[in-house]
Amino acid sequence: MSDSVFSGGRLDRRRLLLGSAGLVAAGAGFRFPTPAIAQSAPLKVGFMLPYSGTFAKLGKFIDDGFRLYAENNAGLFRGRKLEFVQVDDESKPETATDNMNRLVSREKVDLVVGTVHSGVAMAMVKVARDTKTMLIIPNAGVNEATGPMCAPNIFRSSFSNWQVCHPMGQVMFDEGRRRVVTITWRYAAGTQMVEAFKEGFTKAGGQVLEDLALPFPEVEFQALITRIAALKPDAVFAFFAGGGAVKFVKDYAAAGLNRTIPLYGSGFLTDGTLQAQGADANGIKTTLHYADNLDTGPNREFLQAFKQKTGEEGDIYAVQGWDAAALLAAGLGATRGDWSARDKVIAAMRAAELASPRGTVRFNKAGNPIQDIYLREVRNGRNEFVSVAGRSVDDPARGCRAV
Ligand code: BEZ
């Protein structure tokens, strides 16, 4: 049993540590009745994730989180082995349709897990709808995926762009911020997160002085930082992630603005990035569906297992990968491993209630998580819980009619 990896047209087969053999071994201790399906072919999971570029670490952590959950909970998959195929989508929307088609038509995967970038996810959703391929999105927040493009076979284990940023509007207003500048990359995630923040902030009574943006994945922030200094807002709201977030936070501090104009954002600004950002990130407040120090059994279990397996601190991306696997287990559990009982699998996944490291997660009619959104602050190199910014926040699923 092998994993396949292909990138930029190259298909490169190699054995990885955690093939389906690992799952069988890990499952040996469970005492579930062994259904006939356990003898059938492995379930083929296609990971379409960024393994290179500014979001490379995010993709790797999603992949690691998924495999770790599957390895540690093999019994929940009811004897069904998993086989993995990876494609590096490079966060490039222009090659996304081809990459997705390759997974579906050539590799004949049973399920695709991906991706991080909202623009790439849009192309994946279109192929998934056309081919009725099961898709779990473990990060990309593009609102349409669980809005007008919703479908019974499309799920998200992560968030919508609206969901994580809307609560921040009221938070910043309540903290006395009245005149704000926004800054982001100019693509679906950035635009939608800023719009959601503005919806909440202007409704509360705040004013947005200017929206600043640069093309994804550019990191030449200097001119925009100079503009912020000239506008003198009460605060800044930002969306960047991965390598871009590291550079922005460091450039902001190097310009001295972290001492005079408080920086806020969606949690991606400081999640999975703090080691590289160091003290420059101290005091940044963000909203997200996770905080490092949530003191719950599932979070302690996840953080310990992730550290033990990878030597790294778990973050939101690893959580979303972990929960994508938990969602798959919910579907397979309901059919005792029979993936062909598709309606039952889908119904069980829609009805799933996950005991996630982030808290309890349920799913709305469009397959998007209903979850608490936390206000966090960077202290001591961690995104520490401050308060619940929104309880059981449900994306409005605007335009979703197909389910
Ligand atoms: C997005 O493109 O949807 C996205 C990328 C990184 C972090 C969060 C969202």
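**Exercise 1.** Over the ring of which residue does the charged end of Lys57 sit?

*Solution.* The model is predicted. Step 1: the charged end of Lys57 lies 4.9 Å from the centre of the ring of Phe61, and sits over that ring. Step 2: a charge counts as over a ring if NZ of Lys or CZ of Arg is within 6 Å of the ring centre and within 35 degrees of the ring normal. Step 3: Arg350 gives another case, with its charged end over the ring of Phe155 at 4.3 Å from the centre.

**Exercise 2.** Classify the ring pair of Phe66 and Phe84, and state what the pair ties together.

*Solution.* Step 1: the structure contains 25 aromatic pairs. Step 2: in the pair of Phe66 and Phe84 the ring centres are 6.0 Å apart and the planes stand at 90°. Step 3: planes over 60 degrees apart count as edge-to-face, so this pair is edge-to-face. Step 4: Phe66 belongs to helix α2 (residues 56-72) and Phe84 to strand β4 (residues 82-88), so the pair ties together parts 18 residues apart in sequence. Step 5: Phe66 has a relative accessible area of 0% and is buried; Phe84, at 2%, is buried as well.

**Exercise 3.** Classify the aromatic pair of Tyr69 and Phe77.

*Solution.* Step 1: the centre-to-centre distance is 6.4 Å and the angle between the planes is 65°. Step 2: the pair of Tyr69 and Phe77 is therefore edge-to-face, as planes over 60 degrees apart are classed that way. Step 3: Tyr69 and Phe77 are both buried.

**Exercise 4.** Which cysteines does the disulfide join, and where do they lie?

*Solution.* Step 1: the structure has one disulfide, between Cys150 and Cys400, with an S to S distance of 2.2 Å. Step 2: the link is right-handed, with 85° about the S-S bond. Step 3: Cys150 is in the loop between β6 (134-137) and β7 (154-156), while Cys400 is in the segment after β16 (382-393), 250 residues apart. Step 4: Cys150 is buried at 0% relative accessible area, and Cys400 counts as buried at 5%.

Key:
Residues numbered from 1 in each chain as written. Predicted model: local features only at pLDDT ≥ 70, side-chain atom pairs only at ≥ 80, totals over all residues. Heavy atoms only, no water. Phe/Tyr/Trp six-rings, centres within 6.5 Å; stacked < 30°, edge-to-face > 60°. Helix = DSSP H or I, 4+ residues; strand = E, 2+ residues; numbered from the N terminus. Buried < 20%, exposed > 50% of the residue type's maximum accessible area, 1.4 Å probe, protein only. Disulfide = S-S within 2.5 Å.
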